[in-house]
2 protein chains.
Amino acid sequence: MTERWMSLERVARLWIVEAGDLIKEALKNPFDIDSKSDPDDLVTEVDRNTEAFFYHKIKENFPDHQFLGEEGVAKELQSLKGTVWIVDPIDGTMNFVHQQVNFSISVGIYEEGKGVVGLVYDVMNGELFHAVRDRGVFLNDRPLKQVTDRSISESILGLNANWLVEDHHQEHEGLVRLAQDCRGTRSYGSAAIEMAYVAADRLDAYISLRLSPWDYAGGAVLLEEAGCKATRLDGEELSMLEKGSMIACKPELHTTIVADYLEKG
Amino acid sequence: MTERWMSLERVARLWIVEAGDLIKEALKNPFDIDSKSDPDDLVTEVDRNTEAFFYHKIKENFPDHQFLGEEGVAKELQSLKGTVWIVDPIDGTMNFVHQQVNFSISVGIYEEGKGVVGLVYDVMNGELFHAVRDRGVFLNDRPLKQVTDRSISESILGLNANWLVEDHHQEHEGLVRLAQDCRGTRSYGSAAIEMAYVAADRLDAYISLRLSPWDYAGGAVLLEEAGCKATRLDGEELSMLEKGSMIACKPELHTTIVADYLEKG
C-alpha cells in the first residue's frame with residue numbers, strides 16, 4: 001500500500017505546487033471577491049478556479065476517485081468509500097484577500113476513511129508540509145524532528161481571540177483559563193497552517209470551535225505522522241463528512257487540555 | 001538631510017542583512033536560552049550577540065552616534081540628542097526559541113528625537129520593510145502601495161489574546177468590544193512585524209499594552225511613511241525612552257478606535 005500512497009503523494013505534490021503558481025499569477029491582477037452566508041466568510045474567483053483545477057486533474061487521472069472541496073465544485077459527498085480527495089483550495093481566504101500572504105492549499109487523500117496522504121502548502125512563504133501514512137512528515141523534503149511535549153505553562157497555543165470574546169459556547173471559561181495559563185497564544189488565520197505548525201513543533205496546540213473537513217483533512221495526516229493528535233474538543237474522532245470543533249495537539253498536552261480545560265469547560 | 005538619511009539607510013540595510021545571516025547560521029547549532037524577570041521573557045545568546053554586532057559596527061563607523069538596545073549592551077540612554085540607533089536584535093524571541101521563524105530585527109535611526117530611518121527584517125521569510133523619512137516605505141525595494149482605511153467591521157487587527165484574558169487593565173472592556181466588532185484578529189508574536197504589516201496594509205491596526213522603544217522605533221518610521229499613525233493607546237506620542245502602550249493604525253481608524261473603544265474603555 002505504501003508504494004501506492006507514495007505515488008499518489010508525488011502526483012498531489014506536483015499539482016499543489018502548480019496550483020500555488022496559478023494563485024501567485026492570479027495575485028498580479030485584481031480578482032472578484034464575494035461573501036458567503038456571513039459577510040466575513042469571503043470567497044474569491046481564485047478559490048473557485050483553484051478548486052476546479054484540482055477537481056479536473058483528479059477526474060481526468062483517477063476517474064474512480066471521489067472529491068470533496070470547500071467551494072462545492074463537485075456534488076456533495078455521502079460517504080468516504082474508496083479513495084477520496086479532500087481539498088481546501090485556499091485555506092485562510094481572509095488573509096488571501098487582505099494580506100496576499102499567510103494562506104495555504106490543503107489536500108488530504110483518504111482511503112476507506114483513513115488518511116494516507118496529507119499536504120499543506122503555505123504558498124507565499126514557500127513551505128510545503130507533506131506526509132504519507134507510516135512514512136513520517138516532511139517540510140520541503142526535510143524530515144521534521146520529533147515534537148517535544150511541553151507543560152501548559154511552557155506552551156504556545158494557536159487560539160483565535162474570537163473564541164475568547166464569544167461567550168455563548170460551553171468551552172468559553174475553559175479557553176480563557178487556558179489562555180491565561182499558557183506561555184503565549186498566536187493566531188495566523190489559516191487552520192491548515194496552524195495544524196502544520198503543531199506537526200512542525202512551532203505551536204504546541206491549535207484549537208478552533210468551528211471547522212470543516214477540508215480545513216483539517218490534510219493537516220490531520222501531518223499530525224498523525226508527527227505523533228500528535230487531532231480530535232474534536234471532547235476528544236472524539238474528527239469527521240471527514242461533518243463540521244465541528246478541533247484540537248490539534250502534542251499527545252500528553254492533549255490529554256491535559258481535554259481533561260482539565262475542555263471537559264470541565 | 002535626505003541624502004544623509006539615505007546613506008545611513010544603505011549602511012543599516014547592509015548590517016541588518018548581515019545580522020540576519022549570522023542568526024540563520026546560529027540556528028544550525030543549539031544555543032543557550034535564559035529568562036529575564038519573568039519566566040516567559042526569554043533571551044538567548046543569539047539576541048546578545050546580534051545586539052553586540054550592531055553596537056560594535058556603529059561605534060566603529062559612527063563614534064558620535066548613540067545606541068539603545070534591548071539587551072543592554074550599551075549603557076542606558078538619558079536623552080535622544082544627536083543621532084540615536086534604537087535596535088531590537090531579535091523581536092519575537094519566544095518565536096525564535098519555539099519556532100525558529102516569525103521573528104525580526106528592528107532598527108530605527110533617530111535624529112534629535114525624530115525618526116529618519118526605519119527597518120524591520122523578517123529574517124526567515126526574507127521580507128525587509130524599509131523607510132527613509134519623506135521617501136516612502138518599501139518591501140524588498142518595491143514601494144508599498146497606499147494603505148486603505150477600512151471600517152471596524154471590515155478590519156483585521158493584530159491583537160494578542162493576552163490583553164483579552166488579563167482583565168485588570170482599564171482598556172479591557174474596550175478591547176473585548178473591539179475584538180467582537182472587527183472582521184478578525186491575528187497575533188504573530190513580533191510587534192515589529194505586526195507594525196510593518198499595518199504599513200503594508202496586511203493588518204488595519206496593531207495594539208499592545210506593554211512595549212519598549214526598541215520594539216516600535218523602527219516600525220514607527222515605516223508607519224509614518226505609510227501615512228499611518230503610531231501612538232500610545234490614549235493618543236499621546238510614543239516615547240523613545242520609556243515603555244508604554246501602543247496602537248499602530250490607519251489614520252481614520254485610529255481616530256475611531258481611540259475615541260470609541262479606548263478612551264471609553
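Predicted model: local features only at pLDDT ≥ 70, side-chain atom pairs only at ≥ 80, totals over all residues.

Student: Where does Asp134(B) sit in chain B?

Tutor: In the loop that links strand E7 (127–132) to strand E8 (137–139) of chain B. Asp134(B) isn't a glycine, yet its phi is positive, about 70°. Most residues other than glycine have a negative phi.

Student: OK, now Asp201(B): buried or exposed?

Tutor: Buried, with 3% relative accessibility. Asp201(B) also has a positive phi, near 65°, and belongs to the loop between helix H6 (191–199) and strand E12 (205–211) of chain B.

Student: And over in chain A, what follows H6(A)?

Tutor: Asp201(A), with a positive phi near 70°.

Student: How many residues of helix H6 of chain A are buried?

Tutor: 9 of the 9, so helix H6 (residues 191–199) of chain A is largely enclosed by the rest of the structure. Among them are Glu194(A), Met195(A) and Tyr197(A).

Student: Switching topic: at what angle do the axes of H5 and H8 of chain A cross?

Tutor: Roughly 125°, and the axes of H5 (residues 172–181) and H8 (residues 251–262) in chain A come within 9 Å. That angle makes H5(A) oblique to H8(A).

Student: Which residues meet there?

Tutor: From H5(A), Gly174(A), Leu175(A), Arg177(A), Leu178(A) and Asp181(A); from H8(A), Ile257(A), Asp260(A), Tyr261(A) and Leu262(A). By class, this contact between H5(A) and H8(A) has 5 nonpolar, 1 polar and 3 charged residues.

Methods:
Residues numbered from 1 in each chain as written. Chains lettered and ligands numbered in written order. Heavy atoms only, no water. Buried < 20%, exposed > 50% of the residue type's maximum accessible area, 1.4 Å probe, protein only. Helix = DSSP H or I, 4+ residues; strand = E, 2+ residues; numbered from the N terminus. Axes fitted to C-alpha atoms, helices over the stretch in contact; angles between N-to-C directions. Parallel < 35°, antiparallel > 145°, perpendicular 65-115°, else oblique. Contact = heavy atoms within 4.5 Å. Nonpolar A, V, L, I, M, F, W, Y, C, P; charged D, E, K, R; others polar.
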